[in-house]
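Let's walk through some helix packing and sheet architecture together. Keep the viewer open as you read.

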Amino acid sequence: MSTTVNPAAAQDAAADIVTSKPVSRGALVRRRFMRNRWALGGIVVIVLLYVVAFSYPLFSPYSYEFHDTSLTYDPPSLSHWFGTDNIGTDMFVASMRGLQKSLTIGLLVGVISTALSAVVGAAAGFFGGITDRALMWLVDLLLVLPSFLIISIASPLFKGSSWLILVVLLVAFQWMITARIVRGMTLTLKTREYVSAARFMGQSPWRTIFKHIVPNMSSLLIVDATINVGSAVLQESGLSYFGFGVQPPDVSLGTLISVGTGSALTFPWLFYAPAVLLIITLLSVAVVGDGLRDALDPTASRARRREKRKDKLA
Amino acid sequence: MSASEITLDEGLLDGAGDGPVLEVADLDVSFPSESGRVHAVRGLTYQVARGEVLGIVGESGSGKSVSSLAVMGLLPEQARITGSIRFQGQQLLGLSDVQLSKIRGRRISMVFQDPLSALTPVYTVGDQIAEALLIHGRGKVSKHAAANRSVELLDLVGIPNAAARAKAFPHEFSGGMRQRAVIAMAIANDPDLIIADEPTTALDVTVQAQVLEVLKTAKEVTGAGIVIITHDLGVVAGFADRLMVMYAGKAVETGHVNEVYQQPRMPYTLGLLGSLPRVDAAEKLPLVPIKGQPPSLTDLPPGCPFAPRCPMAVDDCLTEEPALSEVDSTSGHRAACIRSAELAATEAAADEIEGVDASNAAAIETAVEVFGAELVAEPKAALRPRTERPTVLGVESLVKHFSVTKGVVLKRKVGTVHAVDGVSFEVREQETLGLVGESGCGKTTTLMEILGLTRPTGGNISVLGKDVSTLDAKGRKAIRRDMQVVFQDPLASLDPRMPVGDVIAEPMQVHGFDAARINKRIPELLDLVGLRPEYADRYPNEFSGGQRQRIGIARALALEPKLLVLDEPVSALDVSIQAGVINLLDKLKAELGLSYLFVAHDLSVVRHIADRVAVMYLGKIIEIGDVDSVFGAPSHPYTQALLSAIPIPDPVKERARERIILSGDLPSPANPPSGCRFRTRCFLHATLSDSDKAKCIEVEPPRESQGEDHEVACHFARTKQVV
């Protein structure tokens, strides 16, 4: 036979070669996310707000508990960036302290409630039967309860104790919808062959859930956590506004806004400083959530690389 | 009503000259992607004449579907298309969607792969066909006439009781009937060109045979040119007139179907032919695996795109991409290979191979020689007679019923699905049992019952001599070590979030291996299945389908099992890749002394790999025995029909074959026929006398021996040669 043997193809059965290593999923998501200017701006703003909220003592000599009684209702100036309030508290410091509390509460609630819903939803979907029914009954029950009312009734009971109680209360009323979505996704993931493979190799159910089911919903969970952060910040501010959330002397954006509302027309900086901060925070979180969703969803056309239209054949 | 009563509408035949119906020239299609432009089709040129069937064959990603979607103008907006597509002399490229809509559906129609998504679920089938008529009827067709015509069309494509079925919704149709309805819609306006994109891939073999018949009828009735796109060389062998083989977005060989099958002049075509297991091969032939995988279409290196996988490649192949050139100046057979003359010389020297009587035996022999494929030696233990070997898996009168319930709060039982109804078989050590049957026959349920290791509804399952109903949780886990599974879909069977090393390590972790031992075993296993040990840190999405299936096999072998349950392990793979995986399974069985329970619907693969085969129909095994007896002398009418429906990749033989076309679809397992379950579709039953018929209806046929290791469940079993 006269054929020359190609050395590359003649290699052993191992010749199945992966040509050019494809981009990893993480890198792809990052690239798609970076392409979204708004989302990128959002994340920069959030990080900046967080950093400033915790490092404000570097910029300002005042403490939020220090009241300069000689300078009340002072409009924004170089020494008091956001002005001062009726008892001479520096509004910049107060806003930063409030932002600190609001962001921390929001972040904790977002992360904890998403984790809780992942566990409950995955367990309900994976085990099915009576577990599923009991958990979904609980979800439905919590969904029909008016959360705002219950938290406002419950919070005076915990008056004087830590703000962490507020986190627990907020989490308790925030995880249900995600848990339902997670349950639905678990039902589809459960039929995947790799989950059956784990079952047939004798893997325990809980390990299967944490090893195979939850990691495969991570994109949903990440996006959901972001959205939950936003809504938790809003909830917290709402409760604090009405005096049910963070209790004085501690401040949050909600309490500051509530105090400032009365003087919104006369001393606008008292109202606008915390209100604008709240709006900026929520907008950034929403924009980041949107960007993450687009970056994680391979079918979203918005994150796809744009081509110039002119080089397309009509 | 017969086909001749459907008359052609003369008005629709305008513009149909003598020239080709479709002329595609220098077609280029590219898409933007994250890693650069994907050149899906590169300089494709072909013609289709009236009444001609052009088969386009290629692996997934070869650009075969994209090229036909370009003809239909159905590509997404971001696709860039250049070249020329002329339909009856009219340039289609550059026409607006509105202009194209006047041609689409009326003069060019398309049959898609998935008949379920091609039909709207909220309208009746009849209405959807009528809609196709009304849209293009320009108001001349009345609603009533359209409805009548849709019934005629349904009748034409062989839907029984068409008038009543036209009022049914798509979900009330079976897969085969839906595909026929789609074909009815495609021919509704007497098109001049029908494009069928993998029309039978989603269907069972018996239904595939029916649908191909319908397509033939459609061609005769409309006189249209047909472009049939498929990855299955068997399907086009008997149906196409001309063949075009595509690779990496280009046609690499075109010509008359006989010439391409008998004298392939491009190593890729040759490899494809050699990689197909043949259902008509009495002797086990070596399968040709084409190594590597198709090139990425984003940045192709210069030279022949097949060169990296080609055993005949020389340095010249890497410099310039060969053009499609005439191999034989008289017949229009063209191939894109600089060494086609040498292939011809090798072929002339090849001897006839034994065991298969094929018109293209010389081509297959050349493929085996060029690609250097060889058979795996039989394991030594297999030399012991079967009855002396221990039983690894025993299934006895296994029954699995699902109850059908109604109501939400108070569930009432309204019926029972007899998914598996008394199945018995055994797998001995170092033996492969192939379990075959149409979808819905209970193969998968049987498998899940075995893998679930729980007490069945009825009957017994014993694994390695232990009855599963007596097992406790600990004993069950111990048995799982010895019985592992390989799944069908290599995409879904590996967790995308875990690196390959972790995927393979998982069963070992579950069964308490220590870390040092696991780390030592992972490279061994990867090596065993023909992958590189370095691949352990990569993720499943970086691998091709064949490689993923190898990883799945490595995972199954991690615990050194004795029995491997394979659920359609190669049906999701491309032919060229499939051969490699089958060879690997053959090798592993010989080296490790494994036993396989191999579930498949592809009988050619089963004939190649199995020692014994069991044919299932509606939850029962109707024929079981040695592969050679069942395939060589099938005695149950269903086995005969099943075998005759399998296309053979040999145009001469395929055209000469007499095909047993089964009427209708699989009856519902919720309400199986009395007596013999196959009698409602049995061609033999129809020819029997009334008293014999009564026996079929009343008495369920027992499984009776038809010779050594061959049992058949038919009252009137008679052997018939079908392949």
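Helix 15 (residues 500-510) and helix 16 (residues 515-528) of chain B pack at an angle of about 125°, with their axes 10 Å apart. Axes here are lines fitted to C-alpha atoms, for helices over the stretch in contact, and angles run from 0 to 180 degrees between N-to-C directions. That angle makes helix 15 of chain B oblique to helix 16 of chain B (under 35 degrees is roughly parallel, over 145 roughly antiparallel, 65 to 115 roughly perpendicular, the rest oblique). From helix 15 of chain B, the contact uses Gly501(B), Ile504(B), Ala505(B), Met508(B) and Gln509(B), and from helix 16 of chain B it uses Ile518(B), Arg521(B), Ile522(B) and Leu525(B). Residues are in contact if their C-beta atoms, placed from the backbone, lie within 7 Å. The contact residues divide into 6 nonpolar, 2 polar and 1 charged (Ala, Val, Leu, Ile, Met, Phe, Trp, Tyr, Cys and Pro count as nonpolar, Asp, Glu, Lys and Arg as charged, and the others, Gly among them, as polar).

A word on conventions: this is a predicted model, where local features need pLDDT of at least 70, side-chain atom pairs count only at pLDDT 80 or more, and totals for chains, interfaces and linings use all residues. Residues are numbered from 1 along each chain as its sequence is written, while chains are lettered from A and ligands numbered from 1 in the order in which they are written. Helices (H or I, at least four residues) and strands (E, at least two) are DSSP runs, numbered from the N terminus.

Now for the sheets of chain B. One is an open sheet of 4 strands in the order 14-13-16-17, with antiparallel pairing; strands pair if DSSP finds at least two bridges between them. Its edges are strand 14 (412-428) and strand 17 (466-467) of chain B. Helix 13 (residues 443-452) of chain B lies across strand 13, strand 14 and strand 16 (458-463) of chain B, at about 115° to strand 13 of chain B.

The other open sheet has 8 strands in the order 6-7-8-3-9-10-12-11 and mixed pairing. Strand 6 (108-111) and strand 11 (325-328) of chain B each have a single partner strand, so one side of each is left without a neighbour in the sheet.

| Strand pair (chain B) | Bridges | Direction |
|---|---|---|
| strand 13 (residues 391-406) and strand 14 | 13 bridges | antiparallel |
| strand 7 (residues 193-197) and strand 8 (residues 225-230) | 5 bridges | parallel |

Note on methods: Contact = placed C-beta atoms within 7 Å.
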